[in-house]
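This report describes selected local features of one protein model. Please read it alongside the sequence and the structure.

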Amino acid sequence: MSEERKALSLFIILLVSFAIWNDINAQDSDYDLPAAPPPAEENCNGIFISYDFVSRKKEFPHVKNASAQSWAFNSTATVLNTGTHELQAWKIFIGFQHQEILVSAGGAVLVDSEDFPASVGNGTYLSGYPQTDLKTSIETAGDLTQIQAIVQISGTQFGVKPPGVPMPKTIRLENDGYNCPAPARKKTSMYACCVRDPKYKVKRLKTKLSPRQKGDLSFSYDVIQAYESNYLAQVTIENDSPLGRLDHWNLTWEWMRGEFIYTMRGAYTHQIDYSDCIYGIAAQYYTSIDFSQVMNCQKKPVIADLPRERANDTKIGKLPYCCRNGSILPSIMDPSQAKSVFQVQVYKLPPDTNLTALHPPEKWKIVGTLNPDYQCGPPIRVDPTEFPDPSGLEATTSAIASWQVVCNISRPTKTTSHCCVSFSAYYNESVIPCNTCACGCDGSDSCNQKAQAMLLPSEALLVPFQNRTAKAVAWAKMKHFHIPNPLPCGDNCGVSINWHVYTDYKKGWTVRLTLFNWEEINFENWFTAIQLKKAAPASRRRTHSTAPSFLT
């Protein structure tokens, strides 16, 4: 019996010891060290970027042609700050090369595309949202949620069947001041360590916010009043291009957190629609709001400038630089006409119902009539904008928070051009018209898109293209010119310019310039830009017009 008691006592001691050890181990588990990172990541002193292919599966329809077969794929892109400097407004380029179509990119937004699905077969730029900045490990005690951004990518690619892996050509960091080597490659991943350029001069800032950037066009999104459930923002559009202009501009953006526009001043939305609020989360949260008074609940509203006759409207007008029917001129033409301003009252949804929960809309895009195409970047947090005190005192007031969106004019193509030039001279009876499909064609088979435009009599320039056919054919028969069959397509341009050599002497020449507006809207405050590669000095040049001027 004593042996049994000894055995029982020994068992109890072992059981208690095991329980104590297990409890201590459980307490220490909260402080377990994380798994060691890969050597390339661990040895990087800068910004570590990587792309990892995760999975894919065949999509419908299933076809025998491997190059035409589509595959749904999933991948991740990672940006990790392993250096000693905070990375603000991170931006990466992924060189897709297999006709990829992105469907989603969680944790980032596309910089060079309007929306998903987006064709990115030639590569694309991604910027962080909502985590735009990556702090350092030193100032966050290694908190990965603050120093790392992971983008969950899903989409479709073509032409690479298993066991091949559809990897991009390259990845790189696009932030100024960093140099990225060619990425190291493995079968399903690639990575690179981007280091700071020692020759790059960093501007010393008073705050940690990004400096304001320069571009052809810029937006300032300034929160000037803030409440728990809503805020008032002022949007300023500034044209910094020496030649670019906007006419009848339309601005679009995308709300990312369920916001909606309650009222506006200085602008309006093309569609006054509150149905998305009534049948959505907004009506469940704001039970006392009369949504019939809400201006717009769309995720992607289309905003336009007010007409000039509403400038003094005390309810929706009465703002400096507003209500010009969407016309913005270059500052060198008229500084007072190079800016447009409007205000928008924005209501928020949980969990953003506090004073400091302020988030600007994303995916900004602006278009105009007969204007260049703009590529806009993401909103960047900048120092609060300062305004003159409205009371008239010699003081300034600051916005609560400010963001800047910078847009640049993209290189025009045939499908994006809006204007063309025809040529004529005193010594030739025929006029050289604008090129066939100079501003794009709609793919119709009723005309020849590749045929050269037919020479015209001078009076034919005074009528729209659709009324020139009889004159063009009759002129070709009279002058024994070739008549294509089918006839060439038109130029499809909203505005055309005729350059007519009027006289030509040894000491100089004269030219008559004629503009034709074929659109159904007025083209206000027009101007033309002319580049003379072998021009005489300005003192020897003269123009005769209603208000001639030289831009040098």
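## Basis and confidence

The model is predicted: local features need pLDDT of at least 70, side-chain atom pairs count only at pLDDT 80 or more, and totals for chains, interfaces and linings use all residues. Residues are numbered from 1 along each chain as its sequence is written, and side-chain values use heavy atoms, with hydrogens and water left out.

The protein has a mean pLDDT of 87, and 87% of its residues reach 70 or more; pLDDT is the predictor's confidence in each residue, from 0 to 100. Over residues 23–37 the pLDDT stays under 50, and the model has one contact beyond four places in sequence for them. Contact here means heavy atoms within 4.5 Å. Residues 546–552 also have pLDDT below 50, but this stretch has nine contacts in the model beyond near neighbours in sequence.

## Backbone geometry

Helices (H or I, at least four residues) and strands (E, at least two) are DSSP runs, numbered from the N terminus. Tyr 129 and Pro 130 are joined by a cis peptide bond with omega of about 5°. Pro 130 sits in the loop between strand 7 (124–128) and helix 3 (137–140). A cis bond also runs from Asn 485 to Pro 486, with omega near 0°; Pro 486 belongs to the loop between helix 7 and strand 29.

Ala 89 is not a glycine, yet has a positive phi of about 50°. Its place is the loop between strand 2 (70–81) and strand 3 (91–94). Ala 141, in the loop between helix 3 and helix 4 (144–147), has a positive phi near 60°. Ala 141 counts as exposed because its relative accessibility is 77%; buried means under 20% relative accessible area, exposed over 50% and partly exposed in between (1.4 Å probe, protein chains only).

## Phe 481

Phe 481 lies in the loop between helix 7 (469–479) and strand 29 (495–505). With 33% relative accessibility, Phe 481 is therefore partly exposed. Apart from neighbours within four places in sequence, Phe 481 contacts Ser 430, Leu 455, Trp 475 and Ala 476. Leu 455 is 26 residues away in sequence, and the C-alpha to C-alpha separation from Phe 481 is 8.3 Å.

## Nonpolar surface patch

Trp 509, Leu 513, Ile 530 and Leu 532 make a nonpolar surface patch of about 380 Å². Leu 513 is part of strand 30 (residues 508–517), and its relative accessibility of 31% makes Leu 513 partly exposed.

Like charges are joined within 9 Å, and nonpolar side chains (Val, Leu, Ile, Met, Phe, Trp, Tyr) within 5 Å. Accessible areas come from the Shrake-Rupley method with a 1.4 Å probe; for residues, only the protein chains shown count as cover.

Definitions and conventions:
Patches are made of residues with over 30% relative accessible area and no salt bridge: like charges are joined within 9 Å, nonpolar side chains (Val, Leu, Ile, Met, Phe, Trp, Tyr) within 5 Å. A salt bridge is a side-chain nitrogen of Lys or Arg within 4 Å of a carboxyl oxygen of Asp or Glu.
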